[in-house]
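Please look at the sequence and the structure shown below before reading this short report.

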Amino acid sequence: MNFIANTLPFFQIILSIALIALILLQRSEAGVGGTFGGGEGGSGHFARRGMEKILFNSTVIVALLFALSSFLAFYFGA
């Protein structure tokens with residue numbers, strides 16, 4: 001238990017840096033017009049393919065790991 005409490009903050013720092021990097025690497029399609037329902041054609045839905053899909057899935061996984069580590073930190077009192 002002491003090992004987990006000691007290493008968890010470092011794990012959370014690494015996860016937070018990775019999560020920030022993954023979010024910043026994603027393409028932003030929503031401008032001001034897209035925010036309010038305007039924008040250029042279509043319904044706003046598009047299929048993620050290739051690297052964009054890998055980035056999205058990686059972001060979700062890292063976010064879930066970060067949330068899990070936060071619950072563990074709460075449980076172990078780190």
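## Helix H3 and its cover

Helix H1 (2-25) is among the elements that cover the buried residues of H3. The model is a predicted one, and in it the residues of H3 that are buried are Leu55, Thr59, Val62, Ser69 and Ala73.

The length of helix H3 can be checked with simple reasoning: its 26 residues (51-76), at 1.5 Å a residue, should span 38 Å, and because the C-alpha atoms at its ends are 37 Å apart, the two values agree. After H3 comes Gly77, which has a positive phi, near 70°.

## The largest nonpolar core

Which residues make up the largest nonpolar core? This core has five residues in all, namely Leu15, Leu19, Leu22, Leu55 and Val62. H1 and H3 are the elements that give two or more residues to this core, and the largest share, three residues, comes from H1.

Leaving aside residues up to four places away in sequence, Val62 touches Leu15, Ala18, Leu19 and Leu22. As a general background, nonpolar side chains in soluble globular proteins tend to be buried together.

## The aromatic pair

The structure holds one aromatic pair. Tyr75 and Phe76 form this pair, with 5.1 Å from centre to centre and 80° between the planes, and the arrangement is edge-to-face, because planes over 60 degrees apart are counted in that class.

How values were computed:
Residues numbered from 1 in each chain as written. Heavy atoms only, no water. Helix = DSSP H or I, 4+ residues; strand = E, 2+ residues; numbered from the N terminus. Expected span 1.5 Å × (residues − 1). Buried < 20%, exposed > 50% of the residue type's maximum accessible area, 1.4 Å probe, protein only. Contact = heavy atoms within 4.5 Å. Core = buried A, V, L, I, M, F, W, Y, C linked by side-chain atoms within 4.5 Å. Phe/Tyr/Trp six-rings, centres within 6.5 Å; stacked < 30°, edge-to-face > 60°.
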